[in-house]
Amino acid sequence: MKPVVSIIMGSTSDLPVMEKAAALLDELEIPFEMLALSAHRTPREVEDFAAGAAGRGIRVIIAAAGMAAHLGGVIAALTTLPVIGVPIRSSFDGLDSLLSIVQMPPGIPVATVGVNGALNAAVLASQILALSDERIAGRVAEYKASLTQKIVKANADLKSVSYKYKTN
Ligand code: RP5
């Protein structure tokens, strides 16, 4: 299997969050790789990764980092692949990483999801891949339909909650 998505994280301390992205890609049968790379601790390896990703068949990069989170931005500067940034909550409630990732200068976007938004990063990556792969598009559509069912069930469950002044 050749990976088409790279999940990159600044440290294995980000893994408990990023497992949600991996689980969704697994569910949607999308081959991916997971690597630890740090813009500050391994800058040369980040450059090698970013420069070589497209040539290896990678289509989308998910980059997660906390604190002064430059990983996604540095990767985006070195590739034309779409980069999705996941701000990790590790200090200041994740606001520092969110702003570090989202506030990119013009011309070098990082598509930023919410703090610890690993699942949404994987959904977005899948939607990008779905544009050129009908089988993935079908699985993404099924996934989205399952979200509707979750709320249908929630409303059924809420029916059994009773209050004196609750009317439904
Ligand atoms: C960032 O610093 C990592 O992405 C992580 O969120 C944070 C802390 O890293 P560790 O000190 O836990 O390795 O580079």
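The model is predicted: local features need pLDDT of at least 70 and side-chain atom pairs count only at pLDDT 80 or more, whereas totals for chains, interfaces and linings use all residues. Residues are numbered from 1 along each chain as its sequence is written, and side-chain values use heavy atoms, with hydrogens and water left out.

The chain contains 6 helices and 5 strands; these are DSSP runs numbered from the N terminus, with helices being H or I of at least four residues and strands E of at least two. Along the sequence, the pattern is β-α-β-α-β-α-β-α-β-α-α. The C-alpha trace spans about 65 × 40 × 30 Å along its principal axes.

The 5 strands form an open sheet with parallel pairing, in the order β2-β1-β3-β4-β5; two strands pair if DSSP finds at least two bridges between them. At the edges lie β2 (32–36) and β5 (111–112), each of which pairs on one side only. Strand β3 (residues 60–66) is joined to strand β4 (residues 83–88) over 6 bridges in the parallel sense. In this pairing, G66 stands opposite I88 in β4.

G66 is also among the residues around the ligand, together with G10, S11, S13, D14, R41, A65 and M67; a residue is counted as near if one of its heavy atoms lies within 4 Å. By class, this shell has 2 nonpolar, 4 polar and 2 charged residues; Ala, Val, Leu, Ile, Met, Phe, Trp, Tyr, Cys and Pro count as nonpolar, Asp, Glu, Lys and Arg as charged, and the others, Gly among them, as polar.

Polar contacts are pairs of N or O atoms within 3.5 Å. A polar side-chain atom of D14 lies 2.6 Å from a ligand oxygen atom, and a polar side-chain atom of R41 lies 2.8 Å from an oxygen atom of the ligand. From G66, a polar backbone atom is 3.1 Å from a ligand oxygen atom.

Technical notes:
Polar contact = N/O pair within 3.5 Å; in protein donor to acceptor, adjacent residues only side chain to side chain.
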